[in-house]
Amino acid sequence: MFNRTSLQAAAALVSISLVSGCGVFSDSDSAGEQRIVIGTTSSPTTLDPAAAWDNSWELFRNVFQTLVSFPTGSTTPQSDAADCKFTDTSSRVFECKLQDGLTFSNGHKLDAEAVRHSIERIRTIDHKGGPNGMLGSLGKIETVGDRTIIFRLSKSDATFPFILATPAMSLVDPAEYPADKLRTDGKLVGSGPYVLDSYEERKTAELTKNPTYKGFAERKNGGVTIRYFDQSDAMVAALKKDEIDATYRGLSAEDVVALQDDKPENKGLQLVESTGADIRYLVFNTQDPSVAKLAVRKAIAQLVDRDELVNKVYQGTAEPLYSMVPKGIAAHTTKFFDRFGAPNAAEAKKILRAADITKPVELTFWYTTDRYGSSTAAEFAELKRQLEESGLFKVELHGKPWKEFQAGYQKGEYPVFGRGWFPDFPDPDNFVAPFVGKENVLGTPYLSPRITNELLPKSRRESDRGTVTDEFVEAQEILVQDVRLLPLWQGKLYIAAGEDIGGGERALDPQTVMQLWELHRRASW
């Protein structure tokens with residue numbers, strides 16, 4: 001999950017009002033001290049950052065600090081707990097100096113040793129599914145006095161500041177978090193904007209302002225209650241009953257469309273829309289004979305109608321994607337459209353016939369039934385329809401729960417399967433590097449020496465990320481030539497809220513993690 005400065009579209013949000021009129025503060029001070037109740041379907045899987053490379057980050061961002069972060073409106077890492085910079089010309093020595101007088105919410109000192117402990121325990125614990133994989137370029141950590149930390153990297157990596165800005169690198173108190181095992185008492189201590197007063201798994205989290213907080217966040221409310229829902233419709237129902245003030249994460253396409261209608265039941269509600277950086281794509285396992293031939297993969301790329309897919313299945317709550325690097329991220333292109341153009345069955349047939357493929361190709365597509373939303377099955381049914389309508393393919397569909405699905409693709413059992421990617425940070429590196437190489441996140445080796453041995457290392461030497469566009473444009477061209485991955489669509493993000501709630505348009509950071517401190521109650525409408 002990575003982001004940055006040229007990625008303005010990811011940070012640009014548009015408010016769609018479902019009510020007439022506008023609100024103003026009548027008493028901003030009292031409004032700023034009122035609690036906000038938020039609903040979400042995205043509950044944490046853990047309360048320990050050393051175990052989390054998932055939606056647990058949304059809670060972490062609000063109760064922990066990181067050395068650098070993404071203040072509202074920024075898409076490059078900025079100072080948070082520390083002022084940081086590369087001190088060499090090859091992006092291998094990254095030095096941070098902590099702000100003076102930092103403490104954890106329990107009063108314990110946040111010093112250089114606490115920072116070293118926080119990062120080192122991630123590597124020591126090496127939790128399966130945890131964030132240790134993000135620290136592949138880290139060599140060693142040195143401390144100088146109480147306030148200076150020096151990260152010495154084993155290789156050039158200009159994306160390292162983006163990694164430090166993720167909630168995975170949250171700073172924890174050594175007295176509360178063991179160096180060699182996870183904390184499991186259901187409690188949390190950080191130095192961020194809020195303190196976690198209480199937590200009930202999959203039900204509620206109660207946050208109050210951290211009185212010792214020193215950071216960039218300007219808290220515009222008196223505290224936040226988070227309610228966790230299993231289903232989107234239950235969350236929307238709670239919003240309409242004024243049981244919650246706003247939602248984030250989990251609105252279904254059907255709920256978004258329903259909320260956009262000017263109906264009596266939507267009176268008093270507003271919807272905030274943002275361009276998302278999460279993407280969906282197909283993966284081709286070329287070790288399987290059915291998709292080993294490049295012509296088969298090219299023919300599929302020639303047939304898939306993304307416009308039809310997002311309109312029919314997602315009803316406009318997503319948009320077509322023609323590159324693994326989505327809109328809003330620097331170096332985004334439309335390479336797949338440039339190469340294949342509009343869907344064309346005749347062209348697909350030519351591609352197959354040129355490779356002496358004259359009979360319908362039999363394929364098996366796999367997808368997860370419980371990770372990316374209830375529309376996933378309909379999405380794959382539509383892909384099947386499009387391919388079979390051409391007469392060139394016969395497609396069999398299979399769905400499995402995430403744990404079983406993940407185990408299967410990691411073993412290389414699926415010829416074609418669907419995946420989603422939620423970026424760690426807003427940099428094109430994070431939409432290319434994880435998917436290539438012998439060991440990648442897909443479980444299917446994808447050897448591309450030009451990308452892994454030349455383009456990525458060259459780009460990572462440049463701390464000015466605005467200068468690496470050429471490398472990633474070329475990398476995307478290679479991805480199109482190989483058709484090992486087929487981008488389908490990128491999502492949009494929505495916050496539904498009562499008309500008296502302000503700040504929704506500023507509440508999502510470049511990692512699309514909710515910044516709860518931006519939400520506030522507007523006193524009069």
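Contact here means that heavy atoms lie within 4.5 Å, and in this predicted model F151 touches L67, R92, V93, F94, C96, V115, I119, L138, K140, I141, F160 and L164, leaving out residues up to four places away in sequence.

**Confidence of the model**

The mean pLDDT of the protein chain is 90, and 93% of its residues reach 70 or more. Where pLDDT is low, the predicted coordinates should not be read in detail.

Four strands form an open sheet in the order β5-β6-β8-β7, with antiparallel pairing. Its edge strands, β5 and β7, each pair on one side only, and neighbouring strands are turned by 15° against each other on average, direction ignored. The strands of a sheet pair through backbone hydrogen bonds, either parallel or antiparallel. Between β7 and β8, which run antiparallel, there are six bridges, and T143 stands opposite I149 in β8. Helix α4 (residues 112–125) lies across β6, β7 and β8, and runs at about 160° to β7.

| β5 | 82–86 |
| β7 | 138–144 |

S137 has its place in the loop between α4 and β7. With a relative accessibility of 3%, S137 counts as buried, because the cut-off for buried is under 20% relative accessible area. Apart from its neighbours within four places in sequence, S137 is in contact with L153, S154, K155, D157 and F160.

**Nonpolar cores**

The largest nonpolar core has 70 residues, and those with the most contacts inside it are F151 and L516. Helix α4 gives the most to this core, with six residues. A second, separate core of 38 residues includes Y322, F336, I351 and L488. In soluble globular proteins, nonpolar side chains tend to be buried together.

**An enclosed helix**

Helix α8 covers residues 294–303, and eight of its 10 residues are buried, so this helix is largely enclosed by the rest of the structure. The buried residues of α8 are A295, V296, R297, A299, I300, A301, Q302 and L303.

Notes: Residues are numbered from 1 along each chain as its sequence is written. This is a predicted model: local features need pLDDT of at least 70, side-chain atom pairs count only at pLDDT 80 or more; totals for chains, interfaces and linings use all residues. Side-chain values use heavy atoms; hydrogens and water are left out. Two strands pair if DSSP finds at least two bridges between them. Helices (H or I, at least four residues) and strands (E, at least two) are DSSP runs, numbered from the N terminus. Axes are lines fitted to C-alpha atoms, for helices over the stretch in contact, and angles run from 0 to 180 degrees between N-to-C directions. pLDDT is the predictor's confidence in each residue, from 0 to 100. Buried means under 20% relative accessible area, exposed over 50%, partly exposed in between (1.4 Å probe, protein chains only). A nonpolar core is a set of buried Ala, Val, Leu, Ile, Met, Phe, Trp, Tyr and Cys residues joined through side-chain atoms within 4.5 Å.
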